[in-house]
Amino acid sequence: MKSRLDLTDESMTVEPEVMFGELPVSVSEQNVRIDGSGSSRHRHSEAQLSIVTEGSVRFVFSDGERTLEKGQVIFINCMRLHEAHPATEGACSYRCVKFN
């Protein structure tokens, strides 16, 4: 049986950025906090899939925003301007999968 990557597995530890062999995919853990440690507005050449793993995260785009709760997923297309901020007090984090 092939092993599967379960991005919702809370026991999974993620290094700052992990590449999966020759697959053009990287995974990183992002933490955002009320104290201002969210992400600044940015864009990148990779498409991004993010799943909230703790708390609530507010993703902001030029045309609006989306707030996601633990377990919810958002797809962000390549070159789309975006940023992420905590939507609640306390720990807020998400796993970011980039398709290179």
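Predicted model: local features only at pLDDT ≥ 70, side-chain atom pairs only at ≥ 80, totals over all residues.

**Entry: Glu-46**

I started with Glu-46, which is buried but has no salt bridge. Buried here means under 20% relative accessible area, exposed means over 50%, and partly exposed is in between (1.4 Å probe, protein chains only). For a salt bridge I need a side-chain nitrogen of Lys or Arg within 4 Å of a carboxyl oxygen of Asp or Glu. The nearest side chain of opposite charge is Lys-98, 4.6 Å away. For charge, Lys and Arg count as positive, Asp and Glu as negative, and His and the chain ends are not counted.

Residues are numbered from 1 along each chain as its sequence is written, and side-chain values use heavy atoms, with hydrogens and water left out.

Where does Glu-46 sit? I found it in the loop between β2 (25-32) and β3 (47-54). Strands are DSSP runs of E, at least two residues, and helices are runs of H or I, at least four, both numbered from the N terminus. Leaving out residues up to four places away in sequence, Glu-46 touches Cys-78, Lys-98, Phe-99 and Asn-100. A contact means heavy atoms within 4.5 Å.

**Entry: the whole chain**

I counted 0 helices and 8 strands in the protein chain. Buried residues are 35% of its 100 residues. I also looked at contacts between residues at least 6 apart in sequence: 65% of them join residues at least 24 apart. The chain exposes about 6,300 Å², and carbon and sulfur atoms supply 49% of that. The areas are Shrake-Rupley values with a 1.4 Å probe, and for residues only the protein chains shown count as cover.

**Entry: β3 and its partners**

Next I checked β3, which is largely enclosed by the rest of the structure because 6 of its 8 residues are buried. It runs antiparallel to β8 (residues 92-99), joined by 7 bridges. Two strands pair if DSSP finds at least two bridges between them. In that pairing, Glu-54 stands opposite Ser-93. β3 also pairs with β6 in the antiparallel sense, over 4 bridges, and there Ile-51 faces Val-73.

**Entry: the β5-β4-β7 sheet**

I then traced an open sheet of 3 strands in the order β5-β4-β7, with antiparallel pairing. Its edge strands are β5 and β7, each pairing on one side only. On average, neighbouring strands of this sheet are turned by 20° against each other, direction ignored. The axes behind that angle are lines fitted to C-alpha atoms, for helices over the stretch in contact, and angles run from 0 to 180 degrees between N-to-C directions.

β4 (residues 56-61) and β5 are joined by 6 bridges and form a hairpin with 2 residues between them. I noted two facing pairs: Ser-56 opposite Glu-69 and Arg-58 opposite Thr-67.

Is Leu-68 buried or exposed? At a relative accessible area of 6%, it is buried. Its contacts beyond four places in sequence include Val-52, Phe-59, Val-73 and Ile-74.

**Entry: salt bridges**

How many salt bridges does the rule give? I get 4. In one of them, Arg-95 meets Glu-29, with the closest N and O atoms 2.7 Å apart. Arg-95 is in β8 and Glu-29 in β2, so the pair ties together parts 66 residues apart in sequence. Arg-95 counts as buried at 5% relative accessibility, while Glu-29 is partly exposed at 24%.

Arg-58 turned up again, in a salt bridge with Glu-65 (3.4 Å, N to O). Arg-58 is partly exposed at 26%, and so is Glu-65 at 42%.

Arg-80 and Asp-63 also form a salt bridge, at 2.6 Å, N to O. This one links the loop between β6 and β7, which holds Arg-80, to the loop between β4 and β5, which holds Asp-63, 17 residues apart. Arg-80 is partly exposed at 31%, whereas Asp-63 is exposed at 61%.

**Entry: Met-79**

Most residues other than glycine have a negative phi. Met-79 is not a glycine, yet has a positive phi of about 65°. It lies in the loop between β6 (73-76) and β7 (82-86) and is partly exposed, at 45% relative accessibility.
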